[in-house]
Amino acid sequence: MKETAKTTAKTTAKTRKAPKKPAGYQPRFSELDQYLFGQATHYDIFRKMGAHLDKKDGKVGAWFTVWAPHAAEVSVIGEFNGWDAHANVMRKVGEDGVYEVFVPGVTEGMMYKYYIRTPDGRELYKADPYAFASEKRPGTASKVAEIEGYRWGDSEWLTNRKKFDVQKSALSIYEVHPGSWMKHPWSESNPDGFYNYVQFAHSLADYVKKMGYTHVELMGIAEHPFDGSWGYQVTGYYAPTSRYGTPKEFKYLVDYLHKNKIGVILDWVPAHFPKDAHGLADFDGQPLYEYADPRKGEHPEWGTKIFDYGKNEVKNFMLANALYWVEEYHVDGLRVDAVASMLYLDYGKEPGQWVPNKNGGNENLEAVEFFKHLNTLVRGRNKGVIMIAEESTTWPKVTGSVEDGGLHFSYKWNMGWMHDFLDYMKLDPYFRKYNHNKMTFGMTYAFSENYILVLSHDEVVHLKCSMINKMPGDLKEKFQNLMVGYAFMFGHPGKKLLFMGQDFGQLREWSEEREIDWFLLADEGHQHLQTFFSDLLKMYRKYPALYANDCGYEGFQWINANDGDRSIYSFVRWSPTGKNNLLFVCNFTPVERPDYMCGVPRKKQYRLILDSSDMKYGGPTEKRQMVYRAKDGECDGQPYRIAYSLPAYGVAVFSF
């Protein structure tokens, strides 16, 4: 918004009453709308709130509707009225503090804000909480946008999505930050180098199909003012960020990925919002979207505000927003950020900075009820859509049913597994034998929730090193370590997620300011790792043993979980059909074991389907025996055994 807008509004802002409703005036925001909004059940509230192109009394223009119950006066200012606070003063509708006005002459793409005068005379200039589009940063105005009329081509995908089974379906997620995935060379017309949504759709689909992921998870889609927040400090909850294009272009992105049989998950941030002057904070001069008590309404650690989960209109804003992305933009799931910070009143707070609940505990009971409402609503109305919790504590039944006292998420990020896995992988191989349980402990709770094993963006920033540079040894050993680590991850129960760049061994930490280092793929070592990871993805999708029994002990069996001295792990993933079961053997040391014997449960032929020493992965093996017949003789507590020459840092996967 231009500086003149603020100046103009100030010079015209005088104390006066809002315009009277003419006789017979029928508000667009009806009594039924008011009732549903007040009950937190107006699930398509975005069709009434915000800016909507329309026709009234034969004139083309737009309706503007906003909730500002503490305001003394509200008007809409924008390019259509010279940013004049007197030109289009809004009428108050009902007792809940909703204001509306029709403005003739408004067309798509025009910028606007709400001018709010408080009872004590302060003047605020706020972006529209329900805006469908925003001005590109550093601008902060909202933009009038039409989201209707896009012709979708993904009906086959949406039909098939209904068959998605949370526990039994394959799910391998590629986590992507669009602005730093790939960039154009600098130009005056595009100094940021951003791919727009359409360009991004084509490049991303090509890569994801080549690699073999089932889904992408997109960071930073909702509008946010600061690039360095990665999209986790949102000011435009209903606006796909203007960095990469328009709402309809974002629809094209989702549509194109669906046509290429790729699912789309969005990061969604109901935990907090920033204090930017144009945003939700103190929206009408007082706490509105946030808790009024700063002990409940502030994140001191993050410097952000906390939504008031007990206020129906705020809950409605958030519930409708989740449905908006799923139903209006056809996304296949939401990964809910910072769930733990919502569940605990004392999260990140010192004594005296928080208020216990009515029972004297630290649980935010209103947030608990919000999650139950949210997940029941979204999953109930959209069969096959998934809800993912980034939850880092031992809160019980995150993926349990509401009837059983759970929160009813589809999945929970397995942060415990991730920390143990990385702690182990960082160790010099000599010391791994003293930490052998770090890789086995996860199986003690693997089926307590529906888990996703995650190696996300959070683990490759802020001096944590990229995945490959967490590994010990020289560069060749780093590649070998990462291959055996990734293979163990794919064999372990739980769905999978990996952040961009880590599938080919990005050396530098991730930065939102530059694209990932695609140039590394000119080097054979990075090519070999990428090929290996792609083969893991394709193996994962090919063999139901790796995903169809992910949520129960019937799908997993240790062969030897106690070979700490040699740092070798062996286990079986059982197929629900009893066919094409998989045996994994993973050697986490640089010591070759040419005389390695592995116990096996059946007297069958064991076909080698993945061998990390293969030349296509940078190994020395050009041709290896492919079939191994089990022989009588107890080994690892099993009645049969096979002999296999296990290379240094060797991974072998057999089907039987």
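Q: What is the strand order in the open sheet of four strands, and what is the pairing?
A: Keep in mind that this is a predicted model. The order runs S1-S2-S5-S4, and the pairing is antiparallel. From one strand to the next, the twist averages 30 degrees.

Q: What makes S1 and S4 edge strands?
A: Each of them, S1 (50-56) and S4 (91-93), pairs on one side only.

Q: How do you know that S1 and S2 count as a pair?
A: Pairing takes at least two bridges, and seven bridges join S1 to S2 (residues 59-67), with the two running antiparallel. One of the residues to look at is His52, whose bridge partner in S2 is Trp63.

Q: Why is H14 called roughly parallel to H15?
A: The axes of H14 (residues 475-491) and H15 (residues 524-542) cross at roughly 10 degrees and come within 11 Å. Angles under 35 degrees count as roughly parallel, so H14 gets that label relative to H15.

Q: Which residue classes make up the contact of H14 with H15?
A: It has 12 nonpolar, three polar and no charged residues. Among those meeting there are Phe479 and Tyr486 in H14, and Leu529 and Phe532 in H15.

Key:
Residues are numbered from 1 along each chain as its sequence is written. This is a predicted model: local features need pLDDT of at least 70, side-chain atom pairs count only at pLDDT 80 or more; totals for chains, interfaces and linings use all residues. Side-chain values use heavy atoms; hydrogens and water are left out. Axes are lines fitted to C-alpha atoms, for helices over the stretch in contact, and angles run from 0 to 180 degrees between N-to-C directions. Angles under 35 degrees count as roughly parallel, over 145 as roughly antiparallel, 65 to 115 as roughly perpendicular and the rest as oblique. Contact means heavy atoms within 4.5 Å. Ala, Val, Leu, Ile, Met, Phe, Trp, Tyr, Cys and Pro count as nonpolar, Asp, Glu, Lys and Arg as charged, and the others, Gly among them, as polar.
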